[in-house]
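Q: I would like to learn how to read an interface and a few backbone features. Please take me through them with a case in view.

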Amino acid sequence: MSAADILSQDFELGFTYTRSTGPIVGRFLTGLRDRQIFGIRASDGRVIVPPMEYDPDTAEALSEFVQVAEQGAIVSWCWVAQPRAAHPLDEPFAWAMIRLDGADVPMIHCVAAPAEASLATGARVQAVWAPETRGFISDISHFELAGGGN
Amino acid sequence: MQQIAIVAFSQSDCLARAGAANEVELIMPQLQAVYAQVGIDNAQDVDFVCSGSCDYLQGAAFAFVAGVDALGAVPPIKESHVEMDAAWALYEAVLKIRMGHADSALLYGFAKSSSGELPIVLSQQLDPYYLAPLWVDTVSLAALQARLLLESGLASERDMAEVVARSRRNALDNPHARLSGSVSVDELLAEDLFVSPLRRADCAPVADGAAAMIICTVEKAREWGVPYALLSGIDHRIETHNLGMRDLTDSVSTRLAARAAGVEDGPVEVAELYAPFSHQEIILSRALELGDDTRVNPSGGVFAGNLMMASGLSRVGEVFRRIAAGEIRRGVAHATSGPCLQHNLVAVLESAS
């Protein structure tokens, strides 16, 4: 290995194109813009949030939307003591699998909480909407403990 | 069906940072090493070449094409690539030989992932609408899985620390290891949490580097006159990309692949498992139904160093090395891809004699 200085240059990798999200993902994202959360009913009756286009077990095309609550319970979580620059929250926070009321399948999002000790599996959380909703998953800015836990 | 022989394998040192070396410079020494093992000159002397790498790690589309410079592809060669660990390049080459389209194949996997923030880079390979925009990193996803395992009572933090302690101890005998040593379970448990419930020690140390392998028909192996191991079974299965719909405390796809590859048809003396996080080795050992008579990751596994896009091929290579040396007669190798063990490959290797 040479002791010479290594040349370096910043490089930003990005998707420089736009995509159509289609009737399933698009309907969900449009719902978020309107501050509503929709799931979809799987072949076995379970409600999947966010909705999937096809049933992962049967490959059947899914189409029955079901509105679910903005509140739910934590199924699993981890505590990020040192958030990374790309992370959506700057203060220590949790990633969590959250089963919203009315849904059977948990979704992954971030949870703002004052400390790791304030969180637990089964804890109730509530969606916090972004000031401006634009039809992205990040229209849910984050979740917070329900009932003034924050 | 055409039997497959593994005849050569080489892996680079696991480097925390490869510095100024580019991918071609990481690959070439490994290619030279496997050519020397079978006594050939270059890639013109095999019928097929397949590589595994990930354009996200290099940060450019079709970046893998540059790796072909390591081969010297003139006159033209038959070449292919998988945007996956090179264990899946092995799978493609096995199909090619079984179909009678080739008698020999060269495989290699490589990555220099130190150029970027790997857990964040990999977040961009997740669901592009629901997960990638959140930048949820791979360590955090593994931590969600670890907590499910811990709270289900299927494993304890002590069990996870035991995986790390054993792996690092085994890595003392691995000349390519980035991390090895004697550390007690209690010392590991005393370390701070990183992404709770994971400690840094629960995360395999990521490394830059490359690995290469040559496989062929048994007739070709005899012609080359080198020791070989038989690849008696290989299969891979994938689970849904929706993490919420998987049982993250089990590895259903590993179970299916193991059955199809014939793991249970004989004793498993050694199992080399690609478990990037300590709790995942526990999940995999259970899914493969390994007993106490199986030595798991005698090389230290990826806790010796996790060569992105090559660690899966290296698991196969480690089992091959032990069979070719006459140390063991039968072993299992495993490779994984995707978050929380989404996609799994299982291979069974046996002594030819």
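A: Start with one cut-off, needed later: a residue is buried under 20% relative accessible area and exposed over 50%. Keep in mind that this is a predicted model.

Q: Which class does Phe62(B) fall in, buried or exposed?
A: Phe62(B) has 59% relative accessibility, so it counts as exposed. Phe62(B) sits in the loop between α2 (55-58) and β3 (79-82) of chain B.

Q: What is there to note about phi at Phe62(B)?
A: The general idea is that most residues other than glycine have a negative phi. Phe62(B) is not a glycine, yet its phi is positive, about 60°. Leu341(B) also has a positive phi, near 60°.

Q: Where does Leu341(B) lie, and is it buried or exposed?
A: Leu341(B) belongs to the loop between β13 (330-337) and β14 (343-351) of chain B. Its relative accessible area is 2%, under the 20% cut-off, so Leu341(B) is buried.

Q: Which peptide bonds are cis?
A: Most peptide bonds are trans. One cis case runs from Val49(A) to Pro50(A), with omega near -10°. Pro50(A) is in the loop between β2 (47-48) and β3 (65-68) of chain A. Another cis bond joins Ser196(B) and Pro197(B), where omega is about 10°. Pro197(B) is in the loop between β5 and β6 (198-199) of chain B.

Q: What stands opposite Ser196(B)?
A: Trp79(A) does, with Ser196(B) in β5(B). Strand β4 (residues 71-80) of chain A pairs with β5(B), antiparallel, over two bridges.

Q: How much area do chain B and chain A bury between them?
A: The size of an interface is often given as the accessible area lost when the parts come together. Here chain B and chain A bury about 3,300 Å². Carbon and sulfur atoms carry 67% of that area. The contact draws on 39 residues of chain B and 38 residues of chain A.

Q: How many salt bridges and polar contacts link chain B and chain A?
A: The count is one salt bridge. Arg84(A) forms it with Glu117(B), the closest N and O atoms being 2.8 Å apart. Nine residue pairs are in polar contact across the interface.

Q: Which elements give two or more residues to the side of chain B that touches chain A?
A: They are α4 (118-123), α5 (138-151) and β5 (193-196) of chain B. The largest share, eight residues, comes from α5(B). By class, this side of chain B has 25 nonpolar, nine polar and five charged residues.

Key
Residues are numbered from 1 along each chain as its sequence is written. Chains are lettered from A and ligands numbered from 1 in the order in which they are written. This is a predicted model: local features need pLDDT of at least 70, side-chain atom pairs count only at pLDDT 80 or more; totals for chains, interfaces and linings use all residues. Side-chain values use heavy atoms; hydrogens and water are left out. Contact means heavy atoms within 4.5 Å. Buried area is the accessible area (1.4 Å probe) that two parts lose on being put together, summed over both. A salt bridge is a side-chain nitrogen of Lys or Arg within 4 Å of a carboxyl oxygen of Asp or Glu. A polar contact is a pair of N or O atoms within 3.5 Å; within protein, one must be able to donate a hydrogen and the other to accept it, and residues adjacent in sequence count only if both atoms are side-chain atoms. Helices (H or I, at least four residues) and strands (E, at least two) are DSSP runs, numbered from the N terminus. Ala, Val, Leu, Ile, Met, Phe, Trp, Tyr, Cys and Pro count as nonpolar, Asp, Glu, Lys and Arg as charged, and the others, Gly among them, as polar. Two strands pair if DSSP finds at least two bridges between them. Buried means under 20% relative accessible area, exposed over 50%, partly exposed in between (1.4 Å probe, protein chains only).
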